[in-house]
Amino acid sequence: MGNLFLEVVTPERVVVSQQVDIVVAPGSLGEFGVLQGHVPFLTGILPGELRYSADGRTEYLAVTTGFAEVSDNKVSVLVDAAEKAKEIDVERAKRAMERAKERLSRDRGTPDIDFQRAEAALRRAIARIKVAEKVM
Ligand code: ATP
């Protein structure tokens, strides 16, 4: 077991809180990996896949937007939402993806459509679908 502690927290719940060997996460400047002894740093988190290994097993999580802090062999990830791969409702994510794509296909000037919001929803849905595929 590694000497690195991972905590993934959302406003609703603690999704992960355990010792791990390695964490790989979707940072705002690109994917980053953390092993024991990593230098302290702070980064944004974008919708994507967060994975970690413990006891020779790799677990996959879909995360949305937030930030991560690495300090004293602890990785703290605070995001709007996060689900373990097996918790993801793929049909729901596909519906969210189709809804977002349909909104994005309209003319940019269409009133009542918030394109940035639709783009963000699309990114969350794609992240969930990709991560769910890891356990299918
Ligand atoms: P939807 O339009 O389907 O609600 P969303 O991207 O707007 O998707 P979020 O606002 O990111 O949803 O998340 C709201 C809550 O629902 C969070 O607790 C999140 O973990 C959960 N959630 C969202 N989509 C899924 C999914 N496909 N499977 C499981 N949980 C989900």
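**Strands, hairpins and a ligand shell**

Visitor: In the hairpin of β8 and β9, which residue takes a positive phi?

Guide: The hairpin of β8 and β9 has two residues between the strands. In this predicted model, the residue there with a positive phi, near 50°, is D72.

Visitor: How many bridges join β8 to β9?

Guide: Strand β8 covers residues 66-71 and runs antiparallel to β9. The number of bridges joining β8 to β9 is six.

Visitor: Which residue in β9 is the bridge partner of E7?

Guide: β9 also pairs with strand β1, residues 4-9. Here the sense is parallel, over five bridges. The partner of E7 in β9 is S76.

Visitor: Which residues of β9 make up its covered face?

Guide: In a regular strand, side chains alternate between the two faces of the sheet. β9 spans residues 74-79, and K74, S76 and L78 lie on its uncovered face. The covered face is made up of V75, V77 and V79.

Visitor: What is the bridge partner of V24 in β4?

Guide: Strands β3 (residues 22-27) and β4 (residues 30-34) pair in the antiparallel sense, with five bridges. A hairpin of two residues connects β3 to β4. In β4, V24 has as its bridge partner G33.

Visitor: How many strands does the protein have?

Guide: Read from the N terminus, the order of elements is β-β-β-β-β-β-β-β-β-β-α-α. The helices number two, and the strands number 10.

Visitor: What share of the residues in the protein is buried?

Guide: The C-alpha atoms fill a box of roughly 50 × 30 × 25 Å along the principal axes. The protein has 136 residues, and the buried share of them is 39%.

Visitor: Which helix gives the most to the shell around the ligand?

Guide: The residues surrounding the ligand include E12, A81, I88, D89, A93 and R124. Both α1 (90-104) and α2 (115-133) supply at least two residues of that shell. With three residues, the element that gives the most is α1.

Visitor: How much of the area that the ligand exposes when taken alone does the protein bury?

Guide: Ligand oxygen atoms lie 2.8 Å from a side-chain N or O atom of R92 and 2.6 Å from one of R99. Taken alone, the ligand exposes 600 Å², and the part of this that the protein buries is 70%.

Visitor: Which pocket does the space taken by the ligand correspond to?

Guide: E87 and R99 are among the residues around the ligand. The space that the ligand takes is the largest pocket.

Visitor: Is E83 buried or exposed?

Guide: E83 lies in strand β10, residues 82-84. Its relative accessible area is 15%, and the cut-off for a buried residue is under 20%. E83 therefore counts as buried.

Visitor: With which side chain does the side chain of E83 make a polar contact?

Guide: E83 is one of the residues surrounding the ligand, and an N or O atom of its side chain is 2.5 Å from an oxygen atom of the ligand. Within the protein, the E83 side chain also makes a polar contact at 2.8 Å, and its partner is the side chain of R128.

Terms used
Residues are numbered from 1 along each chain as its sequence is written. This is a predicted model: local features need pLDDT of at least 70, side-chain atom pairs count only at pLDDT 80 or more; totals for chains, interfaces and linings use all residues. Side-chain values use heavy atoms; hydrogens and water are left out. Buried means under 20% relative accessible area, exposed over 50%, partly exposed in between (1.4 Å probe, protein chains only). Helices (H or I, at least four residues) and strands (E, at least two) are DSSP runs, numbered from the N terminus. Two strands pair if DSSP finds at least two bridges between them. A residue is near a molecule or strand if one of its heavy atoms lies within 4 Å of it. A polar contact is a pair of N or O atoms within 3.5 Å; within protein, one must be able to donate a hydrogen and the other to accept it, and residues adjacent in sequence count only if both atoms are side-chain atoms. Accessible areas come from the Shrake-Rupley method with a 1.4 Å probe; for residues, only the protein chains shown count as cover. On a 1 Å grid over the protein atoms alone, a cavity is a set of points where a 1.4 Å probe fits but cannot get out, and a pocket is an open set with protein on both sides within 12 Å along at least five of seven lines; lining residues have an atom within 4 Å of a point. A molecule sits in a cavity or pocket if more than half of its atoms lie within 2 Å of its grid points.
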